Amino acid sequence: MSRQRFDIHRRKFLITSLGAGAGLTLGVYLGGCDQNGKKPTGMEPKMAEGDGEILFEPNAFVRITDDNRVIVIIKHLEMGQGTYTGLAALVAEELDADWSQIVSEGAPADASRYNNLFWGQIQGTGGSTAMPNSFNQMRQAGATARHMLVAAAAEQWHVDTDDIQVEKGIIKNRASEQQASFGELADLAAQQPVPDDVFLKEPDQFTLIGTTVPRKDSKEKVHGTAIYTQDIQLPEMLVAVVAHPPRFGARVKQFDAGETRKVRGVHDVIEIPNGVAVVAEHTWAAIKGRDALSIEWDESNAFNMGSDQILADYKQRAQRPGNIARQSGNSSKALNEAAERIDLEFEFPYLAHAPMEPLNCVVQRTDAGVTIWNGVQSQTADQQAVAKLFGIKPEQVTINMLYAGGSFGRRGNPHSDYVVEAASIVRALDTRRPIKMVWTREDDTRAGYFRPMYYHTLSAALNSNGKPVAWQHRIVGQSIMTGTAFESSMVKDGVDATSVEGAANLPYAIPNLRVDLHSPEWPVPVQWWRSVGSTHTAFAVETMIDQLARRASRDPVEFRRELLDDKPRHRAVLDLVAEKAGWGGPLPEGRARGIALHKSFNSYVAEVAEVTLHADNRFSVDKVIIAIDCGIAVTPDVIRAQMEGGMGFGLSPALMSEITLDNGAVVQGNYHDFQMLTIDQMPEVEVHIVKSTQPPTGVGEPATPVIAPAVANALSALTGQSFQRLPLTLSA
């Protein structure tokens, strides 16, 4: 049966469902740029010299050239998580293109066409939303292009569209065996009317979705030709570094740049709102010039508390009720009347994002406005912030989206901090020369922003049958949404939803429950960090569940299963990971398994960690088995990579990562003292994906929060100890 005939019996997806302003309008060409900044976004009508001309552009996401390439415009930042592959696969699937002809290209900053459909008229990448919000949109874009190509073929060959089939980028006439490539029909396809509606494939028709395809960014990265912000070299470009205050809230009182100006290559030294910028001909001169600066800081309003003092304050706050995030039954009465009660306290330090590529940004003032080159995560917010600084319209801020060497949330700063810093230097210099602002690793670690420090108290109780009957969970930590554009929607009745996610939506059936929150305000700058609130709530919840299971003399898996009767997707990943891990099976002496389960970003993840206790009071994480239900697995290999990487990222704070403050200053500075997991510490990993036809959900973050409690629960099984602080340490 032809696709066209089959389409009659399938549901329609209207083009209007693409979302306001993000539909099938003609797109402005993103010409991309090489490391010399040539052909900036939105300026060129053709591909780079020597490449094919764009002949067919039916919508904002698809372009077909005369040399038969299909250019897929990706509205989400590629920072290693696979958007250039997964989103391109959606277009290729519905277009029936050959994977080899697909080229992924970053979209310009334009929320009218490239907005995140989950966020309204805002363009940006975050919250593991890239695939979920784009799933139907990108498929519709591909299906629309296919429809118009088929119509062009039917017109040229004087046949009915039902006589046309498309397979791997070749359009064929079934009757005559005539055939043509997309490029050969592109001109005629461009003359066809854009359809009012299109049909999408059913899951059983997928040929690319659900398969392993080569990543679209791998070749450039392996060959070293991928362009990151640090690679940008523009004519007459200067490089800037900034001396930031050593304590949050401090300001420049006065500075002496006499020695700095003697450094060869230094161009200028200027004060900006958050420090002193040294501008030079190259990075080394800028850094050496900054080292020679003499700055006197005004610390009259500086924050001067240390981590221990902050924790003591949090413990005091936790002695009284906070703002209620969730309440059912009477938890206090149930706790007092229960057969057995457990009271635990949990401590979580500040954490840095520490991406491999430190923060950087290139900014140039032009006659038209401002042009930026950056691995940009929040296009709309950055446009608005820079426009406000220069007194221009947001649409006058052009952003060239480059690759980013990791982010984990940091580049999507709600205040556009480092982008505004770079723009402030350009503004202060009043120059048309491009400025590349570079942060060193130490700048990145000490100048903020951080995952907040948290303190939890959790009390739970069992009845005489070993069933949990009460649960009281109190959380103390800074709000990341207060003071941002998201406050009105994310902070209700004093409760920041991100502070309590993973706790307020506890999946376990416990009749008497209360979750409340204190959100102290400190000058320490905080923002989202990979998996956000789940980074701490999952640990508290899942270690308490294990403690309850042990107190009830129950197997941790079976104990959880009985509390998840109305949570089939939770139970499915729990059962799958237990089966694949050989839960309950024999292990070598000194080794134990720990399990944890958590839902975040609408994905369900269960992990089993195999941990070995060594004779020198040291432990190692040897193997991790992961099960995930993320709906339709669009690109399974990317999902596995994100599960492995997300788990490894979460293993760092479980084992070693920690930011501490001393008299208001960050103690750590680089990877030697803010340690991250190294390759020799990475355990063996197995990833198992639940088969599903549900809409796809996030995979960039959900593996991160589950590993720490799984490891802690394995250690508890080995030692009998309860682990309530990260990073994990064994008692002597």
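Guide: This is a predicted model. The largest cavity draws the largest share of its lining, three residues, from helix 18, which covers residues 636-655.

Visitor: How many charged residues does the lining of the largest cavity have?

Guide: Sorting the lining by class gives nine nonpolar residues and four polar ones.

Visitor: What space lies in the second largest cavity, and how many charged residues are in its lining?

Guide: The second largest cavity holds about 50 Å³ of space. Its lining includes Arg451, Trp528, Trp529 and His536. Thr535 also lines the second largest cavity, and Thr535 lies among the residues nearest the centre of the largest cavity. By class, the lining of the second largest cavity has six nonpolar residues, five polar residues and, in the charged class, one.

Visitor: Which helix gives the largest share of the lining of the second largest pocket?

Guide: The second largest pocket has a volume of about 1,000 Å³, and 41 residues line it, with His415, Asp417, Tyr449, Pro523 and Pro525 nearest its centre. Helix 10 (379-390), helix 11 (417-429) and strand 24 (495-496) each supply at least two residues of this lining. The largest share is five residues, and it comes from helix 11.

Visitor: How many residues of the second largest pocket's lining are charged?

Guide: By class, 21 residues of this lining are nonpolar and 12 are polar. The charged residues number eight.

Visitor: Are the residues of helix 2 mostly covered or uncovered?

Guide: Helix 2 spans residues 83-95 and has 13 residues. From its first C-alpha to its last, helix 2 reaches 18 Å, close to the 18 Å expected at 1.5 Å a residue. A residue counts as buried under 20% relative accessible area. By that cut-off 13 of the 13 residues in helix 2 are buried, so the helix is mostly covered.

Visitor: Which residue just after helix 2 takes a positive phi?

Guide: The phi in question is about 60°. The residue that takes it, just after helix 2, is Asp96.

Technical notes: Residues numbered from 1 in each chain as written. Predicted model: local features only at pLDDT ≥ 70, side-chain atom pairs only at ≥ 80, totals over all residues. Heavy atoms only, no water. 1 Å grid on protein atoms, 1.4 Å probe; cavity = no way out; pocket = protein on both sides within 12 Å on 5 of 7 lines; lining within 4 Å. Helix = DSSP H or I, 4+ residues; strand = E, 2+ residues; numbered from the N terminus. Nonpolar A, V, L, I, M, F, W, Y, C, P; charged D, E, K, R; others polar. Points joined across faces, edges and corners; volume = space filled by probe spheres on them. Expected span 1.5 Å × (residues − 1). Buried < 20%, exposed > 50% of the residue type's maximum accessible area, 1.4 Å probe, protein only.
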